Amino acid sequence: MTVAFIRTGSAAARPEHAAAREIASDEVLIRRIAGGDQLAMQTLFVRHRVALYRWLLRLVGDEALAEDLLSDVFLDVWRQASSFKAHSSVSTWLLAIARYKALSARRRRTDAELDDELASSLADPADDPELVLQKKNRAEVLRQSLARLSPEHGEVIDLVYYHGKSVKEVAEIVGISEATVKTRMFYARKKLAELVETA
């Protein structure tokens with residue numbers, strides 16, 4: 001009796017899981033947003049807001065400006081969802097929009113400097129005080145080293161290591177060739193290793 005219940009339950013769950021995966025995919029959300037679906041827009045926002053906010057904050061170094069730009073990014077998504085052609089992932093598209101907004105904002109500001117101090121100062125509440133101090137020291141050395149990289153090298157490192165983007169995706173976001181991304185990665189890692197070693 002129990003076995004029959006488990007089989008029936010798992011068989012009935014399969015189509016639901018498949019439908020849930022399809023409904024939840026970013027591409028489906030974009031199609032629904034293009035049709036004016038506000039719930040899909042809210043879902044996409046919740047899914048990507050933290051990563052995009054952190055990316056924007058790294059690029060502009062100002063919390064209030066990063067929040068404003070985040071709103072602008074999702075406003076553009078609402079307006080341009082029908083223009084998404086799925087040549088890249090939705091997250092890559094969102095990062096490219098955010099990068100464009102951040103670079104435009106930085107051009108308008110004369111005092112724009114990258115600041116990772118906020119990100120490195122956040123502690124995991126599960127860590128004990130000794131571990132927090134060790135992480136803070138390592139994070140501080142890395143933050144200082146990253147800040148000393150050129151903006152072009154820092155941007156590539158950030159996208160690859162903090163946002164998990166591939167070389168191809170970085171090339172799309174930044175608007176350079178894949179070979180240039182690889183070259184920048186090589187020199188950025190080399191310089192970063194030297195900076196961390198001397199620190």
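**Figure 1. Nonpolar surface patch of the predicted model.** In this predicted model, a nonpolar patch on the surface is formed by Leu142, Tyr161, Tyr162 and Val196. Together, these four residues contribute about 380 Å² of accessible area.

Figure 2. Leucine 142, one of the members of the nonpolar patch, lies in helix H7, which covers residues 129-147. The relative accessible area of leucine 142 is 32%. Because this value falls between the 20% limit for buried residues and the 50% limit for exposed ones, leucine 142 is classed as partly exposed.

**Figure 3. Crossing of helices H8 and H10.** Two packed helices are described by the angle between their axes and the distance between the axes. For helix H8 (residues 151-162) and helix H10 (residues 178-198), the axes come within 9 Å and cross at roughly 100 degrees. H8 is therefore roughly perpendicular to H10. On the H8 side, the residues in contact are Glu152, His153, Val156, Ile157, Val160 and Tyr161. Their counterparts in H10 are Val181, Arg184, Met185, Tyr187, Ala188 and Arg189.

**Figure 4. Context of the close-ups in the whole chain.** The chain comprises 10 helices and 0 strands. Of its 199 residues, 35% count as buried. The accessible surface of the chain amounts to about 12500 Å², with 55% belonging to carbon and sulfur atoms. Among contacts between residues at least 6 apart in sequence, 62% link residues at least 24 apart.

Notes. Residues numbered from 1 in each chain as written. Predicted model: local features only at pLDDT ≥ 70, side-chain atom pairs only at ≥ 80, totals over all residues. Heavy atoms only, no water. Patch = residues over 30% accessible without salt bridge, like charges linked within 9 Å, V, L, I, M, F, W, Y side chains within 5 Å. Areas by Shrake-Rupley, 256 points an atom, 1.4 Å probe, with all protein chains shown as cover. Salt bridge = Lys/Arg side-chain N within 4 Å of Asp/Glu carboxyl O. Helix = DSSP H or I, 4+ residues; strand = E, 2+ residues; numbered from the N terminus. Buried < 20%, exposed > 50% of the residue type's maximum accessible area, 1.4 Å probe, protein only. Axes fitted to C-alpha atoms, helices over the stretch in contact; angles between N-to-C directions. Parallel < 35°, antiparallel > 145°, perpendicular 65-115°, else oblique. Contact = heavy atoms within 4.5 Å.
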